[in-house]
Amino acid sequence: MSTIIPETVASRILLLRGQRVMLDADLADLYGVETRALNQAVKRNAERFPGDFMFQLDANEKAEVVANCDHLARLKFSPSLPYAFTEHGALMLGNVLKSSRAVEVSLLVVRAFVQIREMLSAHKDISTKLDQMERKLSSHDQAIAGLIDAIRQLMNPPAPARRGIGFTANIDSKPRNKK
């Protein structure tokens, strides 16, 4: 059990549908069971896993997860769509699997979720300041772009209209009256 590092657990927490979740394949790996066995235990205890504890990914979400997470490349050719478990769902898995390893892993998983939540709340003020700076820089960028355009126009003024060389008759004008 000591081979599982809390940072490893935290690195497997993903953000899907606005929720922090872990996929069934990652949880099965941590709990030391096959993904198929984990999903069978969930199906046998379906009443313990309501929609806010777990959900099944759609094909687009699966493709995105496989593309963004190198450790999930094995899911690419899997015909089934993975399940995502929230913090509560991952904890419930520990109760369903009923082994000493499951209890220890579920504690690690909960601690990882709590650690991420604390990090986010501690750095919320920094995030707010970054958003403010980004908006301010965006307005500065627009002003700088306007200055650059003005400088370019000054560097390349439009050529003045040149008169041709020689005498030109203005045919459209009225003839002058002779006195």
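**Ground rules**

I began with pairing: two strands pair if DSSP finds at least two bridges between them. By that rule β1 and β2 pair in the antiparallel sense, over three bridges. For the element names, I noted that helices (H or I, at least four residues) and strands (E, at least two) are DSSP runs, numbered from the N terminus.

The model is a predicted one, where local features need pLDDT of at least 70 and side-chain atom pairs count only at pLDDT 80 or more, while totals for chains, interfaces and linings use all residues. Residues are numbered from 1 along each chain as its sequence is written, and side-chain values use heavy atoms, with hydrogens and water left out.

**Overall layout**

I looked up the secondary structure and found seven helices and four strands. Starting at the N terminus, I read the elements as α-β-β-α-α-β-α-β-α-α-α.

Next came burial, where buried means under 20% relative accessible area, exposed means over 50%, and partly exposed is in between (1.4 Å probe, protein chains only). Of the 179 residues in the protein, 30% are buried.

For contacts I used heavy atoms within 4.5 Å. Taking contacts between residues at least 6 apart in sequence, I see that 72% join residues at least 24 apart.

**The sheet**

I traced an open sheet of four strands in the order β1-β2-β4-β3, with antiparallel pairing. β1 (14-16) and β3 (54-56) are at the edges with a single partner strand each, so one side of each has no neighbour in the sheet. From one strand to the next, the twist averages 45°. I jotted down a general point here: in a regular strand, side chains alternate between the two faces of the sheet.

Back to β1 and β2: they form a hairpin with two residues between them. Arg-17 sits in that turn and has a positive phi of about 55°. Across this pairing, Leu-15 has Arg-20 in β2 as its bridge partner.

On to β2 (residues 19-23) and β4 (residues 83-85), which run antiparallel and are joined by two bridges. I found Met-22 opposite Phe-85 in β4, and Leu-23 opposite Ala-84 in β4.

**The aromatic pair**

Which kind of aromatic pair do Phe-49 and Phe-85 form? I needed the cut-offs: rings of Phe, Tyr and Trp (its six-membered ring) pair if their centres lie within 6.5 Å, and planes under 30 degrees apart count as stacked, over 60 as edge-to-face and the rest as tilted. The structure holds one such pair. Phe-49 and Phe-85 are edge-to-face, with 6.0 Å centre to centre and 80° between the planes. Phe-49 is in the loop between α3 (35-44) and β3, and Phe-85 is in strand β4, so the pair ties together parts that are 36 residues apart in sequence.

Phe-49 counts as buried at 7% relative accessibility, and Phe-85 counts as buried at 0%.

**Helix packing**

For helices I took axes as lines fitted to C-alpha atoms over the stretch in contact, with angles from 0 to 180 degrees between N-to-C directions. Helix α2 (residues 24-31) and helix α6 (residues 100-122) pack at about 130°, and their axes are 9 Å apart. That makes α2 oblique to α6, since angles under 35 degrees count as roughly parallel, over 145 as roughly antiparallel, 65 to 115 as roughly perpendicular and the rest as oblique. I listed Leu-27, Asp-29, Leu-30 and Tyr-31 in α2 as meeting Arg-101, Ala-102, Val-105, Ser-106 and Val-109 in α6.

**Two single residues**

Is Asp-26 buried or exposed? I found Asp-26 in helix α2, and its relative accessible area of 0% makes it buried. Neighbours within four places in sequence aside, Asp-26 is in contact with Arg-12, His-71, Leu-72 and Arg-74.

Last, I looked at Phe-77, in the loop between α4 (59-68) and β4. Phe-77 is exposed, with a relative accessible area of 72%. From Phe-77 to Val-66 I noted 11 residues in sequence and 9.9 Å in space, C-alpha to C-alpha.
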